[in-house]
Amino acid sequence: MDTRVKKKKMIISQETMDVDFVRKVEALSGTSVRSCFQCGKCSAGCPMATFMEHPPNRVVRLLQLGQWQRILAGRSIWYCASCETCSTRCPNKVYLASIMDALRKLSWDAEGASKESYVQLANKLFLQNIRTYGRQYEMRLAAVFNVKSGQFLKDLMLGPKLLAKGKLKMFHSKNKNLSEIEKIFTRIEEMRKKGEAL
Amino acid sequence: MSSEDSSLNYSYYPGCSLHASAGEYDLSTRELFKKLAIGLTEIPDWFCCGATPAHNVDELLSLSLCAKNLELADKIEGDVAVACAACFSRLKTTQHILAESDVKRKQVEKAIDAPLKLDGKVKHLLEILAKDLGLERLAAAVNKPLAGLKVACYYGCLLTRPTDVPNMDCVEAPTIMERVIEAVGAETVPWTHRLECCGANFTLSRPGVVIQLTNAILDSAKAAGADCIMVGCPLCHGNLDIRQKEIESVYKTTYNLPVFYLTQLVGLSVGLGADKLGLDAMIVNPTPLLKSKGLA
């Protein structure tokens, strides 16, 4: 996807409205995008709004106006911390945190449309670890993240301190039922291939 | 289970952090429950719940991982006891979503290739202490009241939010942590940031975010006159404790606020020693504070 879409002038017409995309988001999130009336309570309480180019209420408005490419090309959805404050406070029961999940999934499927690569890399490594080991191993996760993101020195000073406190495990055991986790990943992939799940 | 029952038994889902960076939470939970005669059986071969990264990009995977864990838990008698606020939230969210959506329920059943078990109750340790055991029985077990210790109870995001999911206490003005810690003799402070987000798993990808958000939390606790912070989540703990020195140097200030897991403070009050509470694993050293209050 072309990330330059972010800077393009916004033109809204019958043709630019994309109800299909909104329906997909609604099916994935189980919540109504169209119920939002822009009161702004979500953005007022959002701890991450300061790091976003589009605050949460504007993400919903852009979605309503069919401007989803602008959202997927930006970093806002990747800076949502899933703290659920927005979902808790919405007077119209729009579960915005679930909408953010759906948008990230659709962006993820479009193979990293956004340039917010660090958060996406962390997510990817996290899921790979589950598939391979069944559980999360923080030391491995942090080490591989630093190598893959090219930040070899990130949090380096914390390492020895955490090791001394027994907070990083150098070795770990594998689950006995590891094959079951692989089956779950494979079955989901198959369901998606057959069009049985989004 | 009513508080009349003399024996309490749970299956235990520690979660990944408790086997590594939050080892002291695991240790203090097991020791405290042993002391309180509450049975805890770890679910054999539990999997990661998927945490935030799974539901962030693949809800079906997240639901399936949690459903699989609930199926494993079902083989053990008793409700599921969860220590980590994030695991607790994922397991409860899964039960909530799957009870509401037939489509998603069928997809998950297919993914885990087993019928769903959704009737088991998932409980955070706080609920077990406050409701199942009950505050009176908890108070009766205290032999070293935490008198004079001013505690800032930090809930973070997932112990209470969103509405209708954790259902442990009020979403915007919970008191369960305060009730538990006051029952064992501590004082609590009213403060502004007890429900604010610490930045959670951005600690890996965007630590700058965590430093900014967590600084506001530490600042608020200090301003309220707290001696220490109490948490029920390993992610909150990591950000508040492990990153505290770094935050102090970035903002050129001193907080020196020890960050305890709820099981460590409650464990202290029922007479468990530092070695059984993993106090030496804390980055911000709690010993000077505990000595000054006659608790070490």
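This is a predicted model: local features need pLDDT of at least 70, side-chain atom pairs count only at pLDDT 80 or more; totals for chains, interfaces and linings use all residues.
Among contacts in chain A between residues at least 6 apart in sequence, 67% join residues at least 24 apart.

Of the 198 residues in chain A, 40% count as buried.

Now the interface. On the chain B side, 47 residues are in contact with 49 residues of chain A. Several helices of chain B each supply at least two residues to that side, namely α2 (51-57), α3 (59-74), α5 (102-112), α8 (202-205) and α9 (207-223). By class, the side of chain B that touches chain A has 26 nonpolar, twelve polar and nine charged residues.

Next, the sheet in chain B. Four strands form an open sheet in the order β6-β5-β7-β8, with parallel pairing. At the edges are β6 (187-188) and β8 (259-261) of chain B, each pairing on one side only. Helix α12 (residues 262-269) of chain B packs on this sheet and touches β5, β7 (228-231) and β8 of chain B. The direction of α12 makes about 80 degrees with that of β8(B).

Strand β5 (residues 150-153) of chain B is joined to β6(B) by two bridges. Val151(B) stands opposite Thr188(B) in β6(B). What else does Val151(B) touch, not counting residues up to four places away in sequence? Besides Thr188(B), the list is Ile181(B), Ala186(B), Glu187(B), Ala226(B), Cys228(B), Met230(B) and Leu265(B).

That residue comes up again in the largest nonpolar core, which has 151 residues. Val151(B) is among the members that touch the most other members, along with Leu96(A), Val82(B), Val180(B), Ile229(B), Met230(B) and Leu265(B). The largest share of this core, nine residues, comes from α3(B).

The buried residues of α9(B) are Pro207(B), Val209(B), Val210(B), Leu213(B), Thr214(B), Asn215(B), Ile217(B), Leu218(B) and Ala221(B). What do they pack against? The buried residues of α9(B) pack against β5, α8, β7, α10 (234-242) and α11 (244-250) of chain B. Just after α9(B), Gly225(B) takes a positive phi of about 85 degrees.

Terms used: Residues are numbered from 1 along each chain as its sequence is written. Chains are lettered from A and ligands numbered from 1 in the order in which they are written. Two strands pair if DSSP finds at least two bridges between them. Two residues are in contact if their C-beta atoms, placed from the backbone, lie within 7 Å. Axes are lines fitted to C-alpha atoms, for helices over the stretch in contact, and angles run from 0 to 180 degrees between N-to-C directions. Ala, Val, Leu, Ile, Met, Phe, Trp, Tyr, Cys and Pro count as nonpolar, Asp, Glu, Lys and Arg as charged, and the others, Gly among them, as polar. A residue is buried if 20 or more other C-beta atoms lie within 10 Å of its own, exposed if 12 or fewer, and partly exposed in between; C-beta atoms are placed from the backbone. A nonpolar core is a set of buried Ala, Val, Leu, Ile, Met, Phe, Trp, Tyr and Cys residues joined through C-beta atoms within 7 Å.
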